[in-house]
Amino acid sequence: MEAFQQSYSSKTLIWPKSRSWALAGVVGSGNLEVLIEPNPASPEEVAYSVETSIPDFKDSWLAALNDFASHYAIGGSKITIHDQGAAPVVIKMRLRQALDLLVSNTQ
Amino acid sequence: MSQTPYHELKARERIAAIADAGSFNEIIPPPERVMSMYLPKLGIPVAFDDGLAIGSATIGGKRVYLAAQAGQFVGGSVGEVHSAKLVGLLKAAARDKIPCVLLIESGGVRLHEGSSGEIGIAEAIRAIFACRSVGATTIAVIGSDIGAYGGMGILSACCDCRIMTEHGRLGISGPIVIEKWMGKEAYDSSDRALVWKTSGGKTRYILGDVETLVNDSTSAVKQGIISVLTKSAKPDLPLAETQQAKLQARLDQFGKMTDPDEIWMASGVTDVTTATLDEAEDFIKAFTRKTS
Amino acid sequence: MNTSDLLQQFFGASASRLTITDKLLTGYASVDGAEVCVLGTVDGTYINDSGALHLAAQVIDCVKTRPGIPIVMLVDSAGQEPNRTAEMLGLPVYFGHLLTCLEVARQSGHKLVTVATGKAIAGAFICYGMFADAIYALDSASVGLMPVEAMSAVTKIPVATLEELSKSLPALEFGAAPFALLGGVKEVWPVDAGLESKLSAAIAEATTEDTRAQLGKERGGRPQAYDVQQRVLAESAR
Amino acid sequence: MPDTPRDTRRINKTARIKRASTLAQGKIVHHEKTADLLRAIIEKGDILCMEGDNQKQADFLATQLASLDAGDLRDLHLVMSCITLPSHIELFKKGVVRQVDFCYAGPQGNEVAELLADGKFPIGAIHTYNELYARYYMDLTPRVALIAAAQADRNGNLFLAANTEETPAIVEPTAFYDGVVIAQVNQIVDTLPRIDIPSDQVDFVVEAPYPMHLTALFTRDPAAITDVQVLMAMIAIRGIYEKYQVESLNHGVGFNTAAIELLLPTYGEELGLKGKICKYWMVNPLPTMIPAIESGWVDTVFSVGGEVGMERYTAARPDIYFTGRDGSFHSNRPMGQLAGHYAIDMFIGASLQIDIHGNSSTVSKSRITGFGGAPNMGCQPTGRRHPSKAWLKAGSEANPGPGALPGRKLVVQMVETFQTGRVPTFVESLDAQDPSIKAAMQGVAPVMIYGDDVTHVVTEEGIANLAACRSNEERTAAIRGVAGYTPVGLKRSAADTLALRERGIIQLPEDIGVSPARANRSLLAAQEIKDLVRWSGGLYDPPAKFVDW
């Protein structure tokens with residue numbers, strides 16, 4: 001297991017009134033779960049926290065997380081990830097799904 | 001866009017599809033981070049919900065408690081937190097006398113948490129009977145490839161009702177365990193056709209172990225749940241005696257058979273090949289027609 | 001200790017009234033002069049569909065013919081029998097039926113007391129013994145999910161790691177004492193120590209409330225279970 | 001030298017046959033006498049061919065051969081397309097093999113690597129299929145061939161059923177150069193459905209006690225296709241199939257291309273591509289093609305081999321598949337490979353490793369697999385002269401020059417940037433370049449497909465058009481541009497990537513109108529094996545290991 005935290009600047013997310021969190025994905029082989037929660041203290045930053053079962057992959061993680069922070073407005077949120085060896089494409093897919101779930105009105 | 005089959009959905013997607021829109025109110029939601037204390041010590045990633053989402057909801061307008069297991073997370077296995085959430089929910093159902101619907105996808109006790117999950121399942125079984133004795137219907141929905149095995153197989157068998165799809169499997173020992181025990185000649189676990197014929201929804205339906213067999217779609221599963229929400233099987237002497245006779249008759253009639261197809265045929269299915277491919281509705285119709 | 005000595009310890013001379021068929025124990029005996037119904041497994045046998053049905057028949061008979069007498073369950077079974085045809089015939093449903101019969105008994109006022117006398121492993125323990133109002137184990141009994149070696153083989157976690165961890169996590173340890181720490185067993189009894197009177201007292205104090213989670217918390221073996229259960233009950237009541 | 005005899009092989013063959021004559025009734029030998037037959041026929045130093053590929057195996061004969069004592073089998077030179085069975089490996093362990101020339105060792109790849117490390121695997125060369133078949137007519141003609149057929153009649157005529165595969169390619173050179181052909185058959189019958197190999201070319205027939213082993217190698221369960229693979233399939237359809245109007249093609253066996261097959265009736269239909277692309281196929285009867293065939297996408301399919309469970313379906317679709325006069329499916333490996341070499345617009349397949357030059361390989365130090373047929377198709381056939389739309393368009397993008405071909409076959413590598421377990425697909429240098437591996441191959445690294453032959457690399461990130469690159473540096477930058485978050489990809493420069501994107505050499509999903517949000521399994525025409533059975537009208541009989549109902 002490896003754990004690390006990293007913050008990146010990102011445009012401020014307009015937090016929906018009805019929701020305080022969103023979860024996407026499941027922890028399982030080659031998969032991960034992403035929990036996005038508000039972090040109003042830092043509106044222009046996203047704070048990532050990652051726990052992964054496959055170590056020595058931090059460079060790729062950070063590159064993918066940084067890309068996501070620059071492509072989407074997620075400032076003012078903290079994102080926690082539990083990972084069991086997901087490929088970067090899955091990481092980005094789940095981040096996007098969590099964001100979609102958050103801003104959509106469905107549950 | 002076609003509807004995603006029930007067996008392909010993840011636990012939370014199942015809840016979203018089965019509960020009336022917007023009605024699910026999660027108990028101990030993910031941000032609460034009530035997670036396994038065992039897995040981190042074993043170097044295994046944890047899940048925010050420990051592989052079980054629980055809450056209250058309405059289904060077809062009727063209030064229920066609802067739980068869904070995440071089969072992807074350590075095989076849907078039942079550890080200490082997972083089982084405690086389940087037990088709490090069942091006790092709440094007994095207290096409030098409302099139905100409890102379990103969307104099951106589990107290989108049984110989580111070995112990584114040792115006897116803790118085993119006792120948890122035993123407690124959950126006690127709680128199921130507490131529900132049954134007050135008429136709070138307990139419903140096990142089994143429609144995933146992982147199915148309901150081990151302790152969760154036993155637990156499912158204790159519910160008032162079981163709803164299965166042809167993808168669901170209900171058993172105790174899994175095919176790999178049996179293959180190791182009996183040898184590949186007796187049970188080839190890679191022969192999935194045999195595995196499903198042994199434990200799958202259709203055979204369970206034929207033998208009368210499930211209330212209803214439904215198509216592998218969320219709408220069919222939801223309809224199935226609605227159709228049994230008011231059914232209950234209070235544990236009393238007549239029920240026990242009827243079941244005793246039925247299970248004895250099953251042993252007498254089929255006990256010497258080894259091939260599930262034999263059971264199908266002896267139960268009145270004339271065209272096994274077609275019946276194997278049939279959707280649940282056609283299967284039920286064909287089976288009822290043949291046997292009536 | 002062999003089976004007949006053991007039964008002697010629990011039931012004195014009345015043990016002779018019990019029957020063992022295919023390593024399944026059934027019948028009626030007395031404990032401290034009071035009649036009880038007995039069902040159980042012996043010699044670490046595997047329990048299968050017909051075995052479960054055999055025990056269920058005993059429970060039904062008891063409810064019908066001996067209203068209200070206590071039911072004593074003795075457990076010495078290595079597990080459910082891994083067998084394809086038993087699975088095909090619906091083994092979980094047979095076990096579920098046995099449990100249903102026991103619930104019928106409970107509802108009809110029969111007290112249910114279990115003593116794990118030998119192996120009390122996995123499904124074999126779940127399918128009747130663990131369903132009792134009160135559960136005890138002899139100190140010599142092998143109680144738990146599975147031995148550490150077997151757990152290691154399935155989880156791919158080295159035996160040494162599991163053994164080390166089990167010092168702080170009794171759930172990973174195998175045996176009656178750690179199982180008691182989890183609340184799964186109320187009390188561990190030494191063999192040869194007045195088992196009949198212990199059993200008699202156990203029957204007397206048995207109640208239908210399931211207190212295992214609370215015990216597990218008090219004894220430190222299951223630190224999370226009780227609080228989580230309570231929390232669900234509280235949150236759902238809001 | 002008029003006295004030098006010029007018929008020694010014929011005389012030798014006569015002697016061999018005579019030695020075995022007491023074991024046979026006519027050409028028929030009882031299976032219990034198989035070991036004796038092999039002992040009587042095989043001589044020291046023989047070039048011995050054992051039939052077997054990634055699907056069909058002369059497994060009974062191979063097992064019988066492996067049961068012989070080392071003293072009975074000396075100094076053999078094995079020629080065989082695939083080293084697949086434990087009994088093949090057994091011969092090397094016994095130390096009776098002087099040299100082996102082969103194509104592919106997939107299932108035994110780890111064993112081969114171990115034997116190689118122990119110096120017990122004397123490789124002549126690793127070939128592509130047609131390359132080895134060609135050498136059967138030149139310097140590697142078998143002295144004895146052990147082959148497999150479905151049925152024989154009492155005269156020794158053979159019926160090969162769906163899996164003709166390479167049997168004729170082995171039998172013909174052997175039989176016409178005085179070698180001995182021994183066939184194992186599932187059954188001896190009075191009358192064959194059709195004759196695929198005439199008895200003239202067969203010396204002995206053994207009815208094996210069990211049917212030959214057949215692997216359902218080309219069956220891909222749609223349930224295992226991921227959303228990411230759907231995304232890649234969408235990218236490939238828009239960025240390559242549609243752009244070049246690919247009419248004739250070969251697909252590899254992976255889930256990536258299975259996803260494409262299952263998107264044709266949905267996504268492809270929506271793009272209006274039916275009748276414009278994917279009409280002529282050189283592929284085995286892939287179950288995942290059933291929906292496309294049933295929706296009228298496909299004109300013809302020719303195959304190198306059969307596929308377990310597709311017998312009734314193929315027989316019922318003779319407009320699509322090649323079938324015999326008996327009505328059943330027919331295949332032919334060398335001819336299929338030939339078609340895949342000369343007559344297709346596009347080859348598309350996957351690989352385990354791709355380096356920064358576009359070279360790919362499936363070989364690692366712990367696993368020696370070889371080539372099979374991919375290089376025959378994943379290459380530029382410089383002997384091709386007939387034009388097609390796709391061929392000309394791809395040619396127009398490639399390096400211009402007075403001596404250049406006017407057209408180009410599309411050779412597409414379709415890979416996820418990471419394999420399972422987060423092993424990067426893109427590497428600076430292939431494992432195949434390892435000195436110990438090269439040493440065993442006379443200094444030549446076992447490259448599956450060379451970068452110079454590859455026209456496109458497709459990943460979940462986008463498409464790199466390698467053919468349109470004008471320098472090696474550009475090609476490397478294009479590969480890095482689609483290599484995602486692999487170490488190779490992390491080394492890209494944003495400026496290079498942007499410049500290549502402006503020239504259309506790198507294309508991201510949005511550049512070709514692909515919305516990743518739509519990349520979902522629900523877009524597949526079939527989501528599980530049972531859907532394929534339904535599409536086939538019940539004609540497809542999936543093997544038991546693919547059934548979950």
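Here are legends for a handful of close-up views of this predicted model.

Residues count from 1 along each chain as its sequence is written, with chains lettered from A and ligands numbered from 1 in the order in which they are written. Since the model is predicted, local features need pLDDT of at least 70 and side-chain atom pairs count only at pLDDT 80 or more, while totals for chains, interfaces and linings use all residues; side-chain values use heavy atoms, with hydrogens and water left out.

**View 1. Strand β3 of chain C and its two partners.**
Strand β3(C) covers residues 34-41, and six of its eight residues are buried, so the rest of the structure largely encloses it. (Buried is under 20% relative accessible area, exposed is over 50%, and partly exposed is in between, using a 1.4 Å probe and protein chains only; strands are DSSP E runs of at least two residues, helices are H or I runs of at least four, both numbered from the N terminus.) Strand β2(C), residues 24-31, runs antiparallel to β3(C) and is joined to it by eight bridges; strands pair if DSSP finds at least two bridges between them. Two residues separate the strands of this hairpin, and C:Asp32 there takes a positive phi near 50°. Look for C:Gly40: it stands opposite C:Leu25 and also opposite C:Leu74 in β5(C). That β5(C) strand, residues 71-80, pairs with β3(C) in the parallel sense over four bridges.

Over all chains, a search of the whole structure turns up 21 aromatic pairs. (Rings of Phe, Tyr and Trp, the last by its six-membered ring, pair if their centres lie within 6.5 Å; planes under 30 degrees apart are stacked, over 60 edge-to-face, the rest tilted.) C:Tyr136 and C:Trp189 make a stacked pair, because their ring centres are 4.5 Å apart and their planes sit at 25°. This pair links distant parts of the chain, with C:Tyr136 in β7(C) (residues 134-138) and C:Trp189 in β9(C) (residues 187-189), 53 residues apart. C:Tyr136 is buried at 1% relative accessibility, and C:Trp189 is buried with a relative accessible area of 1%. Over in chain D, the rings of D:Phe60 and D:Tyr210 have centres 5.7 Å apart and planes at 85°, so they count as edge-to-face. D:Phe60 is in helix α3(D) (residues 59-66) and D:Tyr210 in the loop between β10 (204-207) and α8 (227-244), so the pair ties together parts 150 residues apart in sequence. D:Phe60 is buried at 4% relative accessibility, whereas D:Tyr210 is partly exposed at 33%.

**View 2. Arginines over rings.**
The charged end of C:Arg106 sits over the ring of C:Phe131, 4.5 Å from its centre. In chain D, D:Arg220 lies over the face of D:Phe255, 5.4 Å from the ring centre. (The cut-off is NZ of Lys or CZ of Arg within 6 Å of the ring centre and within 35 degrees of the ring normal.)

**View 3. B:His112 and where chains B and C meet.**
B:His112 lies in the loop between β4 (100-104) and α3 (115-133) of chain B, and it counts as buried at 13% relative accessibility. Leaving aside neighbours within four places in sequence, its contacts include B:Tyr38, B:Val74, C:Thr155, C:Ile157 and C:Leu172; contact means heavy atoms within 4.5 Å. The contact between the chains takes 76 residues from chain C and 85 residues from chain B. Between them, about 6,600 Å² is buried, with carbon and sulfur atoms giving 69%. (Buried area is the accessible area, 1.4 Å probe, that two parts lose on being put together, summed over both.) C:Arg84, C:Met88 and C:Gln224 supply 11% of the area that chain C buries against chain B, more than any other three residues.

**View 4. Helix α16 of chain D.**
Helix α16(D), residues 472-481, has eight of its 10 residues buried, so the rest of the structure largely encloses it. Among the buried ones are D:Glu474, D:Arg475 and D:Arg480. Its cover includes β15 (353-355), α17 (487-490) and α18 (494-502) of chain D.
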